[in-house]
Amino acid sequence: MIWLYILKFFMESSMTKKNTSVPKFRIELIADDVVIPQRVFPTDSGLDVTVYKFDSIYRNNEKLEEVNGKPVSEFDEIVLKPLDRVLVNSGFKCALAPGFDIQIRSRSSAFKYGLVVVNSPGTVDEQYRGVVGVALVNVSGVDYVIKKGDRVAQLVVCPVVYPEVEVVDRLDDTDRGERGWGSSGKDQPLK
């Protein structure tokens, strides 16, 4: 029921041209050449995050902090082989207002190229003050080149609900019950 109130609040607040109740998203750049997260279009929900530098690569479940004797952080580009993972340093820290978090999401081009956020959506909690990192994985069947400055993810500032956890003896019954993944069937008509 609380979700209906939250949805109503955000729908009503988004109907106005400028919503003054939304707090600012404050960032601290760790260097002068960091690209500030930005929207491509004014009404995009996500701000594009670019590569400032690379922190580490995981290949075959082994962490690589250097390749051929050179630290990963010094590379201007890297080649991610299929299923390689990389931790990208965004070059900025941030501060959020109480009641908000950041979700780091894959870009829509992930469908085309197979570069996705590992723990999508990644979460940045309101009190975290370290550099925002983006964990990416190449799920395509081919090598993928990532360069410094490439847009690799999108950042969405979201409201957070803090429900009180209540332990009960038994949950209420529903039509679906405990039927999980695939329980509605793939050939069932939508209503």
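Leaving aside neighbours within four places in sequence, Val 134 is in contact (heavy atoms within 4.5 Å) with Val 49, Val 86, Leu 87, Val 88, Ile 104, Val 117 and Ala 153. The model is predicted: local features need pLDDT of at least 70, side-chain atom pairs count only at pLDDT 80 or more, and totals for chains, interfaces and linings use all residues. Residues are numbered from 1 along each chain as its sequence is written, and side-chain values use heavy atoms, with hydrogens and water left out.

Val 134 also belongs to the largest nonpolar core, which has 26 residues. Such a core is a set of buried Ala, Val, Leu, Ile, Met, Phe, Trp, Tyr and Cys residues joined through side-chain atoms within 4.5 Å; buried means under 20% relative accessible area with a 1.4 Å probe, protein chains only. Among the residues with the most contacts inside this core are Phe 54, Val 86, Ile 104 and Leu 136. Strands (DSSP runs of E, at least two residues, numbered from the N terminus) that each supply at least two core residues include β2, β9, β12 (131-138) and β14 (151-159). The largest share, 4 residues, comes from β8.

An open sheet is formed by 4 antiparallel strands in the order β2-β14-β9-β11, where pairing requires at least two DSSP bridges between two strands. Its edge strands, β2 (47-50) and β11 (122-124), each pair on one side only. Strand β9 (residues 100-105) and β11 are joined over 3 bridges, and Ile 102 has Val 124 as its bridge partner in β11.

Cys 94 is buried, at 4% relative accessible area, and Cys 158 is buried at 10%. The structure holds 0 disulfides (pairs of cysteine sulfur atoms within 2.5 Å).

Notes:
Buried < 20%, exposed > 50% of the residue type's maximum accessible area, 1.4 Å probe, protein only.
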